[in-house]
Structure formats: C-alpha cells, structure tokens
Amino acid sequence: TGKRVDVVSIFPEYFAPLELSLIGKARTTGILDLHLHDLRTWTHDVHRTVDDTPYGGGPGMVMKPEPWGQALDELVPQGTTARLVVPTPAGAPFTQATAYELAAESHLVFACGRYEGIDQRVLDHAAERMPVSEVSLGDYVLFGGEVAVLVMLEAITRLIPGVLGNADSLADESHAHGLLETPAYTKPPSWRGHDVPDILRSGDHGRIARWRRDQALLRTAARRPDLLAALDPATLDKRDLAL
Ligand SMILES: N#Cc1ccccc1Cn1ccc2ccc(-c3cc(N)[nH]n3)cc21
C-alpha cells in the first residue's frame, strides 16, 4: 500500500492542484495516498471557531487546541501511528536529510497552522503517542503552514522510489553529496557568444567527472561556505583540497 499522507488546514483548497498531479500519479503507481482535511470539520460551534486570543497578551490570535486534538484522534486512531509534521518559524531546519527521513515514513500527518500558530499543548499532547517534527523551511516568516507543506510534499515525493523516472538524477543533484550541483548545459554548443565548456564535449568521462566535482566544490565554496564547512573531510581527496 502507498504512503498515507493527511494534510489538515483551514484552507484545504490550497492543495487541490496536488489532488490532480500527485493523486493522478499515485493512482497509477500507488505511491501516495493523499487526503486533505478542513480543520473546521472538527469544530462544533455555529461559527466553526478555530482561533482565540493569546494567553499572556500580544498581537494576533492562536489556534485553539480542541479542533486539532479531535482531528488527530480521528486521523491517527489509538493503536495506529504516524509522524506529525508541523511547519513553524520556530522549527528545526527542513533539509534534504529531513526529506529523506520523512520519505521513509508510512504515514505522515501535516498540520498547517495559521494566525500566530497552534496552541503548543496540541504538539506536546501528540508527542505522548506519536513522533512530532516541528520544522522550519527557512529564516523568513510565512502567513501559515500551507506553502511550507507544499514545498515539503514536493521534496519528499520525488524521493519515493518510482516517482522519478531516472533514479540517477537523485544521485548527482544538489545536496546529494553535501555539495551544490554543477552548472548544466545543452545544445546549441555556442549561443549568443557563450560556448559550452569544451571539456563537456570531449567525451572523456573521467575528466568530465573530475571537472564536475571541481565545479561543485568551487561553487559550494563561493555560495555556501556553510555546506563546505559541514563536509566530512574523509570524502575529500588531495586534489579537492588543492582547489
Ligand atoms: N507559527 C507562526 C507564526 C508566528 C509569528 C508570525 C506569523 C506566524 C504565521 N504562521 C502560522 C502558522 C505557520 C506555519 C509556518 C510558518 C513559517 C515557517 C517558516 N519557515 N516560516 N514561516 C509560519 C506560520
């Protein structure tokens, strides 16, 4: 059976396009079993209230715990398990490594917050019976979790075996070896006075691989020194260090 993914949001229509693309693909390949839910399903008052004022004062509103608690009771019944993934500016960085970890899970529940976030007790209570990942997509603040979940779903889905046609394309992409990927070129060989590097048209695959690695190292050093610093020195050979 495919990977079960539940998304809970007060704007489930944000995800409607996925129903076409991912569900379409999943139907043929049985990869993703995506279910969208409106959090207001689990409200019972006439105004379908999901938010209230923050304890301790401050601007904005906070999402009430009750609807979330009932949603999780229904989506992750006692005796079943899932990983709860909650986008938040205060989360741990979502990286390619996180995407791989989440791609391996059989059941993911994404909680999309709005307003100033979800009452913390929802996450604390859920953590008593399931793994909870609070994740940040970057050091900027969004209006809510929906866009973050769209990004995560894309990053995760492409890692599930069978989704990408050419599995090799996963091996050499950015962040696969902890380095940025090399520049890409295609025909024509010369375009508006810009030529493709001769090495790439030499047919010498050993030298091409070497050139590509050099480019990845130089590019990573120039644009992402933080990634270079994080590299395992064991993966670098003496030529690399000479760059
Ligand atoms: N929480 C919160 C919050 C706190 C202060 C101001 C605005 C918000 C809005 N918000 C509500 C839900 C929610 C979900 C994810 C993000 C998010 C993630 C990244 N990486 N940036 N922003 C923001 C979200």
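Colleague: What makes Arg210, Arg213, Asp214 and Asp240 a linked group?

Modeller: Salt bridges join Arg210, Arg213, Asp214 and Asp240 into a network. A salt bridge here is a side-chain nitrogen of Lys or Arg within 4 Å of a carboxyl oxygen of Asp or Glu. This is a predicted model, where local features need pLDDT of at least 70, side-chain atom pairs need 80 or more, and totals for chains, interfaces and linings use all residues. Residues are numbered from 1 along each chain as its sequence is written, and side-chain values use heavy atoms, without hydrogens or water.

Colleague: How do you know that Arg210 and Asp214 form a salt bridge?

Modeller: Their side chains meet at 3.2 Å, N to O. The limit is 4 Å, so the pair qualifies. Both residues sit in helix 7 (205-223), 4 residues apart, or about one turn of the helix. Helices are DSSP runs of H or I with at least four residues, strands are runs of E with at least two, and both are numbered from the N terminus.

Colleague: Why is Asp214 called buried?

Modeller: Asp214 has a relative accessible area of 12%. Buried means under 20%, exposed over 50%, and partly exposed in between, with a 1.4 Å probe and protein chains only. Asp214 is therefore buried. Arg210, at 21%, counts as partly exposed.

Colleague: Which residue pairs with Arg121, and how do you know that it is a salt bridge?

Modeller: Asp119 is the partner, with the closest N and O atoms 2.6 Å apart. Asp119 is buried, at 15%. Lys64 and Glu66 also pass, at 3.6 Å, N to O. Lys64 is partly exposed at 22%, and Glu66 is partly exposed at 45%. By this rule there are 10 salt bridges.

Colleague: What makes the phi of Arg48 worth a remark?

Modeller: The phi of Arg48 is positive, about 55°, although the residue is not a glycine. Arg48 lies in the loop between strand 2 (32-38) and strand 3 (51-52). Its relative accessible area is 38%, so Arg48 is partly exposed. Tyr115, also no glycine, has a positive phi near 60°. Tyr115 is in the loop between strand 6 (107-111) and helix 4.

Colleague: What kind of peptide bond joins Lys187 and Pro188?

Modeller: The bond is cis, with omega about 5°. Pro188 is in the loop between helix 6 (168-171) and strand 8 (190-191).

Colleague: Which residues make the nonpolar surface patch?

Modeller: Tyr14, Tyr140, Leu142, Val147 and Val151 make a patch of about 430 Å². Patch residues have over 30% relative accessible area and no salt bridge, with nonpolar side chains (Val, Leu, Ile, Met, Phe, Trp, Tyr) joined within 5 Å and like charges within 9 Å. Tyr14 has 35%, so it clears the 30% cut-off. Tyr14 lies in the loop between strand 1 (3-9) and helix 1 (16-29).

Colleague: What makes up the lining of the second largest pocket?

Modeller: The lining has 25 residues, with Pro87, Thr88, Pro89, Glu116 and Gly117 nearest the centre. A pocket is an open set of 1 Å grid points with protein on both sides within 12 Å along at least five of seven lines, and lining residues have an atom within 4 Å of a point. Strand 5 (83-93), helix 4 (120-126) and strand 7 (132-136) each supply at least two lining residues. Strand 5 gives the largest share, 4 residues.

Technical notes
1 Å grid on protein atoms, 1.4 Å probe; cavity = no way out; pocket = protein on both sides within 12 Å on 5 of 7 lines; lining within 4 Å. Areas by Shrake-Rupley, 256 points an atom, 1.4 Å probe, with all protein chains shown as cover.
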